Protein chains: 4
Amino acid sequence: MGKSAFQLERLTFFSDAVFAIAITLLIIEVHVPHIGNGDDGAFLSALHELQPSFMGFVLSFLVIGALWVAHHRVFGMLADYSPAIMWPNMLLLMAVAFMPFATAFMSSAPLARVPEMFYSGTLLVAGLLQRMLFTRALRAPYLRHELAPELVSATRWRSWGLPTAAALSLVIAWFAPGWNNLVLIGIPLLVRLYAMMGRRRALRLASAPATA
Amino acid sequence: MGKSAFQLERLTFFSDAVFAIAITLLIIEVHVPHIGNGDDGAFLSALHELQPSFMGFVLSFLVIGALWVAHHRVFGMLADYSPAIMWPNMLLLMAVAFMPFATAFMSSAPLARVPEMFYSGTLLVAGLLQRMLFTRALRAPYLRHELAPELVSATRWRSWGLPTAAALSLVIAWFAPGWNNLVLIGIPLLVRLYAMMGRRRALRLASAPATA
Amino acid sequence: MGKSAFQLERLTFFSDAVFAIAITLLIIEVHVPHIGNGDDGAFLSALHELQPSFMGFVLSFLVIGALWVAHHRVFGMLADYSPAIMWPNMLLLMAVAFMPFATAFMSSAPLARVPEMFYSGTLLVAGLLQRMLFTRALRAPYLRHELAPELVSATRWRSWGLPTAAALSLVIAWFAPGWNNLVLIGIPLLVRLYAMMGRRRALRLASAPATA
Amino acid sequence: MGKSAFQLERLTFFSDAVFAIAITLLIIEVHVPHIGNGDDGAFLSALHELQPSFMGFVLSFLVIGALWVAHHRVFGMLADYSPAIMWPNMLLLMAVAFMPFATAFMSSAPLARVPEMFYSGTLLVAGLLQRMLFTRALRAPYLRHELAPELVSATRWRSWGLPTAAALSLVIAWFAPGWNNLVLIGIPLLVRLYAMMGRRRALRLASAPATA
């Protein structure tokens, strides 16, 4: 393994660690109820009151998980890296590290407008930073040479999935706070649509007569 | 090391990090008593009151530790991985990351029915997700070729140990909350029994006249 | 990969993990407001009150991020390591691990003199420890042989950037607490200046007639 | 890299992650004072009151750091590993993960007998578990073949340093709680003494006429 590959590996590992810590810290913000000697009903109602926190935990776990899976996919396509991705990567990690706060804030008042918009806004920023990072990383000299251009194009396009859903969620949060998060269920579909568009576009370009 | 091996390594590494963080965060939920200028008796009784938290810490440390050891064993058998294990792995990690909450909830009322059943239920979910992950991971094209089929079968079967014990513990918690955790001591035995059954089954199948 | 390279990799990895945890723990110190059923204004003013915490989070994220990027750069230049860097590295990690406290203390009273000087002082200590580590690590027998001497010299010199800015910030904090952090914006410029000085110095030495 | 080496690497990385998290979580237990609009004196006295917490942070950082450095040294001597070290390693990690609690408990009442003895006791347990792990790991079939027997013997013996100092500290804590931690300063000396004894013993054995 060359030195440059090791430097890329270390960047990946550092990123993995931040993803892993942020995703695990989510549970710290779910505060354990201290009831002492209560009957079953007291415990059940305490759990019931925590429902928004549980839902926030699951939602953000899936979102950070999806961000990591995408990071894993994109960095798996690289043979080398440009120093120009160091800080975009750090900014993405900053948004990821901020997620436990945004999640806890939203869960503290799950039907209020401001916390919901704050959460959607955080997702939007994370999505745009991810998009910026992937665009910079997936450039010709750094890609593994055996990759098909339409695969690279599809990967670049699918990163529009999260920001699109987050922007929609942000708008809906204004009118129907709390329900807006349902939009996020559509992310896997959106991602697939964008990937398809990216693939088609690359194939169309390839089949067009070369002009250069 | 090929790219695919590196991608598997990174998946393993990310999982390790989540296991390591969840296992270490357990201690955060054990709240430090602040007594100030007390005599020895005051400190000793404060420690005494923390006993359920200490026991919860040790129990969950061993459970998460065992989940990690099993993960380490199974992924050590893989030469490659199917993308179909990404999300089952993520769901297992979600259950692991949830453990500090379930542990602290149980420790806050160690003889109450609801917290005990909540804890056993969390273990059951973790055990079933682990089972699902291992079944998907341990498939022919992804296994290292030198592995004996009976070893693979034993490894697949032993993952029934945790869900079996957790299901028993869940039932017992209804009748004798707090005592149900004693069942978990039997996990090493259960795991060995299941492994033996898996090995025998594979050997029986191998010695049977081939029909395909 | 030889054993010595693996030992260096493990040292790097352990350091990465501490950097990653410290950078992610920053968010734990931003306390989530619990308002319950407030109107939009109540939530907005709660967010407004958190502004110093958000700024502290961003500032310290960038500082720890920069410390990691520098660590990544310097260790990428090494082919081997001296046991003499183990404890300087550990002391640097101690300063990094201390950052979440210093950040939260500063954010709790962003215009007070003592917390601001405490924060700048922490940065100064971290900067000097980093400087000490890099000087010990970047020595002839441990460097990759293909590196140009002027690059090594520039890397050694640029580590004066953080301590210089932190010392300035510490002095200004006495007179204008809160405003002193603006100095830190100049770090990228300072680092570049020092790097240039280091490069020139090395080139001058190289072109001078050898006397040994 | 063979599969077995990778499994050893993963065990090491998991351990590193637990060490790194435990060492960084120490700061979480140092609670940030919230003074609001105080004068310089109010902030300075708040910092002064935190002095035991700062000292506990530094002490435990050095102790966990030393445990990690020793782990790094011993595992660097291994070419392979026995499955028999999995659980001793996990138990050592449990003691390490427990350190943030013991540290915070001691720091909350730095001159009280029970917290001091609790802390020394934790160190003693950690030291004995480390000793047990290293004895199991440093066995003939798993060692790198080029290692001199006297180096292995010295490494095995030096792991008596921490338990010896911790046991002394535990006894002194009974009579002079708070001062007992000064004993820990002697650890580097003790470790060197033990290493010397181990080396001599191995050389004596080697020069004795073989009887087998």
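Guide: Two residues are in contact if their C-beta atoms, placed from the backbone, lie within 7 Å. This is a predicted model, where local features need pLDDT of at least 70, side-chain atom pairs count only at pLDDT 80 or more, and totals for chains, interfaces and linings use all residues. Residues are numbered from 1 along each chain as its sequence is written, while chains are lettered from A and ligands numbered from 1 in the order in which they are written.

Visitor: Leaving aside neighbours within four places in sequence, which residues is C:V96 in contact with?
Guide: Let's set aside the residues within four places of C:V96 in sequence. The contacts of C:V96 are then C:V18, C:F19, C:A22, C:I64, C:L67 and C:A126.

Visitor: Which helix of chain A gives the most to the side that touches chain B?
Guide: Here 28 residues of chain A meet 29 residues of chain B. Two or more residues come from each of helix 1 (3-25), helix 2 (40-49) and helix 3 (51-75) of chain A; helices are DSSP runs of H or I, at least four residues, numbered from the N terminus. With nine residues, the top contributor is helix 1.

Visitor: How many residues of chain B come from helix 1 on the side that touches chain D?
Guide: The contact takes 27 residues from chain B and 29 residues from chain D. Helix 1 of chain B supplies the largest share of the chain B side, and its count is nine.
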